[in-house]
Amino acid sequence: TLSWSKEAAIEAEAVASISCSGHGNAYLDGLLFEGVPVCECKSCYGGKDCSEILPDCLADADSGDPLFLEPFWKQHAASSAVVVAGWHRMSYRFDDKSSIAAELEKCIRELHAVIGNAKTDGRYMIFGVGSTQLLNGAIYALSAEDSPSPASVVAAFPFYPVYKSETEFFDSVEFKWLGDASLLKNRSDSSGTSIEFVTSPNNPDGKFRKPVLTGPSAKTIYDHAYYWPHFSAITSAADEDLMIFTLSKLTGHAGSRFGWAFIKDENVYTRMQRYMTMSTLAQSHDIQLRTLKLLKVVLKERGRKLFEFGYKTMRERWERLSKSFSSSKRFSLQKLEPQYCTYFKNVTGPSPAYAWIKCEREEDQDCTAVFQTANIIGRPGIAFFGGSRYVRLSLIKSQDDFELLLQQINALISKESA
Ligand SMILES: C=C(NCc1c(COP(=O)(O)O)cnc(C)c1O)C(=O)O
């Protein structure tokens, strides 16, 4: 029979039972009104129980907030919840003096083996506060301390903007943001070390990528945030010296801030460890416990439940979006091909996290503005160094968000024939 944990379970279920009309949630740490947490409504819904649709609401497709997976976790409420004892792992370190939970490390390695998206043997693991922290940790780790000139940090256009903004923010003598990887394509090897971010599949266009730069002084950080069956066919197991993944795009728990890296070279690992120690000392024990609980759900039936749900959701969204754009001459979507997926053991159709839209008309120089006039908020193409003729629309938010986005897109495209 339950004893000390009963109160926590009762409290959690009481809050979960507050109805927000399916268009919002009440949370244990939510704002209290008359002692009860209020409903926090999804965008474009309001009222005490989120039952009111706000008039003339904008379709916000700016952020890659992965709420498309929330329904899955509600369907798996019992197996994905965890009660955290007040005395849970209070020490800075685990008993074996490491900063990462051995069971969680084992579970993550097993997950990659089951999905077949990465080789993890013979590699060290580091946990980070989101992969955001690991990205700069990797830059620091790959920049040589004794080099006469700073390492040049690059990425092929279009690329995830944080690579530039984070590298410039952590302004260092050891590394400098340079820009497009092609700038260094034909350089002589004497021009120092380059560190290239390779995002595969890519954000914003979902395409598979290889490094632009090769050779002994070209180092590469593989960002595989989206290399999961929700968004991409698994074509082979990534087998690189430095690979980064994030819980945000695997389970959708962006707010938990948990990412991990696999590193082959011991010196690079040691330097990255030093970066993590200097920046956050260690990764939260609370989030490691929760991540373990979530990944045990993912691993049930070799990931089938989560990835069938994720892929089905994203595939259907892409099919509906592609159908809408097929009748447009004004806008075009990125071209993605079906691929054989070694995980589903079948050919799977494109299901990218983002639409990377080009405005084809001569006069539509500012594509973001064109969508803004149609009450659609996208992320400007210039943010990815893809040019102002492009705009990125997030396809991974909630179903409410996607339905409103599609409604506004259909209205915009229908005006072409008017
Ligand atoms: C949320 C968004 N990107 C997250 C992201 C991240 C950061 O994810 P974390 O939540 O910090 O683990 C890392 N790498 C790539 C390629 C990403 O796209 C976005 O592009 O809107």
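This is a predicted model: local features need pLDDT of at least 70, side-chain atom pairs count only at pLDDT 80 or more; totals for chains, interfaces and linings use all residues.
Residues are numbered from 1 along each chain as its sequence is written, and side-chain values use heavy atoms, with hydrogens and water left out.

**The ligand and its shell**

- The shell around the ligand holds 18 residues, of which T132, Y226, T246, S248 and R257 come nearest; a residue counts as near a molecule or strand if one of its heavy atoms lies within 4 Å of it.
- By class, the shell around the ligand has four nonpolar, nine polar and five charged residues, where Ala, Val, Leu, Ile, Met, Phe, Trp, Tyr, Cys and Pro count as nonpolar, Asp, Glu, Lys and Arg as charged, and the others, Gly among them, as polar.
- The ligand taken alone exposes 500 Å², and the protein buries 91% of that; accessible areas come from the Shrake-Rupley method with a 1.4 Å probe, and for residues only the protein chains shown count as cover.

**The pocket that holds the ligand**

- The ligand takes the space of the second largest pocket; a molecule sits in a cavity or pocket if more than half of its atoms lie within 2 Å of its grid points.
- The elements that give two or more residues to the shell around the ligand are α5 (130-142) and α7 (247-250), and each of α5 and α7 also supplies at least two residues of the lining of the second largest pocket.
- On a 1 Å grid over the protein atoms alone, a pocket is an open set with protein on both sides within 12 Å along at least five of seven lines, a cavity is a set of points where a 1.4 Å probe fits but cannot get out, and lining residues have an atom within 4 Å of a point.
- The second largest pocket has a volume of about 320 Å³, and of the 20 residues that line this pocket, the closest to its centre are S131, T132, Y160, Y226 and K249.
- In the lining of the second largest pocket α5 gives the most, with four residues, and by class this lining has seven nonpolar, eight polar and five charged residues.

**The largest pocket**

- The volume of the largest pocket is about 1700 Å³; grid points are joined across faces, edges and corners, and a volume is the space filled by probe spheres set on the points.
- The largest pocket is lined by 42 residues, of which A26, Y27, L28, A81 and R290 lie nearest its centre.
- Two or more residues of this lining come from each of α1 (6-16), β1 (24-25), α2 (70-75), α3 (77-80) and α9 (285-299), and the largest share, seven residues, comes from α1.
- The lining of the largest pocket divides into 23 nonpolar, 10 polar and nine charged residues.

**The cavity**

- The count comes to one cavity of 30 Å³ or more, and the largest cavity has a volume of about 80 Å³.
- Among the 14 residues that line the largest cavity, D60, S394, D401, F402 and L405 lie nearest its centre.
- At least two lining residues of the largest cavity come from each of β7 (59-60) and α12 (399-417), with the largest share, four residues, from α12.
- The lining of the largest cavity divides into seven nonpolar, three polar and four charged residues.

**Backbone features**

- The peptide bond from F157 to P158 is cis, with omega near -20°, and P158 lies in the loop between β9 (151-155) and α6 (162-169).
- S200 and P201 are joined by a cis peptide bond with omega about -5°, and P201 lies in the loop between β11 (194-199) and β12 (218-223).
- R257, which is not a glycine, has a positive phi of about 60°, and R257 is placed in the loop between α7 and β14 (258-263).
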